[in-house]
Amino acid sequence: MNAVVTITYREACRQALRDALLSDPRTFLMGEDIGRYGGCYAVTKGLLDEFGDERVRDTPLSESAFVGAGIGAAMVGMRPIVEIMTVNFSLLALDQIVNNAATIPHMSGGQFAVPLVIRIATGGGRRVAAQHSHSLEGWYAHIPGLRILAPAVLDDARYMLAAALKDPNPVLIFEHVMLYNNEGELDPAVTEVDIHRAKVRRAGTDVSVIAYGNGLIKALAAAEALAADGISAEIIDLRVLRPLDTATLLASVAKTRRCVIVDEGWKSGSLAAEIGMRIAEEGFFDLDAPLRRICGREVPIPYAPHLEDAALPQPADIIAAARGLVRPA
Amino acid sequence: MTARVHLGHDHVRHLLRQMIRIRHFESKCVELYQAQKILGFLHLYDGEEAVSVGVMEALAADDAVVATYREHGQAIARGIGMDVLMAEMLGKQEGCCRGRGGSMHIFDRKTRFYGGNAIVGGGLPLAVGVALGDKMQGRNAVTACFFGDGAVDEGEFHESMNLASLWHLPVLFVCENNLYAMGMALERAEAEPGLARKAAGYRMTGTGVDGMDVVAVENAARSAVEQIRAGGGPQFLECRTYRFRAHSMFDAQLYRTRDEVETWRRKGPIARFQSWLVQNGLIDAVEVHRIETEADAEIDRAVDFAEAGTLEPVEELERFVTMEAVPA
């Protein structure tokens, strides 16, 4: 039994990377400013000194080239872990991710796998305006061939990477930027993460709240307030954005008969829309109330704090939606 | 020291035979396309055969190839069997990619052929990664990355040239400059149409070669590969060539004149090499005829194999979207 350890989300990510480098000589890190600078969000700090510049590779600002290089290296036997500094920058590598990584196994008739992990910082809340704040993970969740993960809690930040590296397919891990400073204790009982399943983080009976990433933290806060009001919310950490663990979602909705979906991405064409539609298709007769979505407002994320806060899902929005379903006016 | 090709009888016969195999294979593809047995896009290599044939001569079995969507020639020259190629073109599960890739997406694990790629420039970053992975695993392999003049317009070209040179990776960048990116003429697209000169911007040796001369291509490729294998870092080889046929089967060719095409045809790689060999007594008409007959017989067998092939059950449609394991 391991001792209880207090740790930040950032440190959990860093330990996961260090474990990977120590345990498998085929792994190496590649990305912008991950080495000498220590990582834009300081996740990779110290790893260059420990592992050297062959295995911790600072790249030029060439997202397409270094993501493509990760794909090629993965195809010939390496296990690259590529960092893309923000999800907005990942658009510069979209060709490689969508047209190569996601297609080659199928297009080659199964001759080649692409066992590549890409870590991407995502999400808003840091007052850095539109081009560093978006939540585009839902776009990637549209693409067959990719596995999309969103660790929200410390245990997942610590152990999802190892599971992703065992996956023979390209895995994109979205780390929400507001989570890096979160601090808490790792559960000593957890040493691995099932990257096929969503996870109930708080059991409840009146309403299911499906959330991921920083939305999960807000949903858990909302659940506290709802409990004080006599409403029992079940909080589900989606955590695997593709392929969706629909069974866990449907089981919860069958129990609570009401559902709120929280998604920092824009509502139109969102991951929340996909989840809602699956529940409508497969769980319609379990529902006692309409489905509700709390999504990012349909604007480029603005800089001014009051505007940014208004653009992002907040606990108060989740509370109001849940209460409205359980106690309709 | 530059490796010079020894033009012995066996070798020149082999070069000629490879070009003829490609040319005749594609002629058969046109027939099958017109018969609607091959569907979709069909990009012919007609006129460019000397490039693939010459470059592949410089590669060893352990080397890797990243190809384009005009890659039948690259595939055949690399040694992929015509039978599995033709079956792929016909969408049969006996095809090298089980009929999922078709003409533009030929992959072959045995020959380290990492794909035809239908995104212009999309193969270059991948090739950098193949070379990186090989180098990190201590393989002394070279990755030959084929692309056209159109790819040079793409950001991925510049990013990949820079990264390969910066990291000193064993990549042979092979630009098949056929003067047109679909219908866009080189001089209308490039501020610097001297493509080999661009390599200097990445501290890379750039060499231009007559891509209609198979021996010149082989010589240049051997020299480049030799330097790469000796640890000299990547090289850029611009092969100046010409596509005799339309870009694909849906191209009215409004962007160039018949005269221009005819002028280039007279410089065609097969006609030119063959007549030079005959003139110099290295081969005679009887032997050329035998090469052609053998190639046609091989193609007929490939067509028979493909026609007799089976369709993958629709139940397997989603197989390999995600892999159960990394293939050993």
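Visitor: At 26% relative accessibility, how does L179(B) count?
Guide: Buried means under 20% relative accessible area, exposed means over 50%, and partly exposed is in between, with a 1.4 Å probe and protein chains only. L179(B) has 26% relative accessibility, so L179(B) counts as partly exposed.

Visitor: What kind of model is this?
Guide: Residues are numbered from 1 along each chain as its sequence is written, while chains are lettered from A and ligands numbered from 1 in the order in which they are written. Side-chain values use heavy atoms, with hydrogens and water left out; local features need pLDDT of at least 70, side-chain atom pairs count only at pLDDT 80 or more, and totals for chains, interfaces and linings use all residues, for this is a predicted model.

Visitor: What is the phi of L179(B)?
Guide: L179(B) lies in the loop between β3 (171-177) and β4 (180-181) of chain B. Helices (H or I, at least four residues) and strands (E, at least two) are DSSP runs, numbered from the N terminus. Although L179(B) is not a glycine, its phi is positive, at about 75°.

Visitor: What is the omega of the cis peptide bond that joins R242(A) and P243(A)?
Guide: P243(A) has its place in the loop between β12 (240-242) and α10 (246-256) of chain A. The peptide bond that joins R242(A) to P243(A) is cis, with an omega of about -10°.

Visitor: Leaving aside neighbours within four places in sequence, with which residues is D167(A) in contact?
Guide: D167(A) is placed in the loop between α8 (154-166) and β7 (171-176) of chain A. Its relative accessibility is 8%, so D167(A) counts as buried. Contact means heavy atoms within 4.5 Å. Once neighbours within four places in sequence are left aside, D167(A) is in contact with P115(A), R147(A) and I195(A).

Visitor: How far apart in space are I22(B) and Y45(B), C-alpha to C-alpha?
Guide: I22(B) belongs to helix α1 of chain B and is buried, with a relative accessible area of 0%. Not counting residues up to four places away in sequence, I22(B) touches Y45(B), E49(B), V53(B), G73(B), I76(B) and A77(B). I22(B) and Y45(B) are 23 residues apart in sequence, and their C-alpha distance is 8.1 Å.

Visitor: At what angle do the axes of helix α1 and helix α8 of chain B cross?
Guide: Two packed helices are described by the angle between their axes and the distance between the axes. Axes are lines fitted to C-alpha atoms, for helices over the stretch in contact, and angles run from 0 to 180 degrees between N-to-C directions. The axes of α1 (residues 9-34) and α8 (residues 214-232) of chain B come within 11 Å, and they cross at roughly 105°.

Visitor: By class, which residues make up the contact of α1(B) with α8(B)?
Guide: H11(B), L15(B) and M19(B) of α1(B) make the contact with V214(B), V215(B) and E218(B) of α8(B). Ala, Val, Leu, Ile, Met, Phe, Trp, Tyr, Cys and Pro count as nonpolar, Asp, Glu, Lys and Arg as charged, and the others, Gly among them, as polar. By class, the residues of this contact are 4 nonpolar, 1 polar and 1 charged.

Visitor: With which residues of chain A is G129(B) in contact?
Guide: G129(B) lies in helix α5 (residues 123-136) of chain B. Its relative accessibility is 0%, so G129(B) counts as buried. Leaving aside neighbours within four places in sequence, G129(B) is in contact with A69(A), G72(A), A73(A) and V76(A).

Visitor: What is the radius of gyration of chain B?
Guide: Chain B has 11 helices and 7 strands. The radius of gyration is taken over C-alpha atoms, and the globule rule is 2.2 Å times the number of residues to the power 0.38. The rule gives 20 Å for 328 residues, and chain B is close to this, so it is as compact as a globular protein of that length, with a radius of gyration of 19 Å.

Visitor: What share of the 329 residues of chain A count as buried?
Guide: Chain A has 13 helices and 14 strands. Its radius of gyration of 20 Å agrees with that of a compact globule of 329 residues. Among the 329 residues of chain A, the share that count as buried is 61%.
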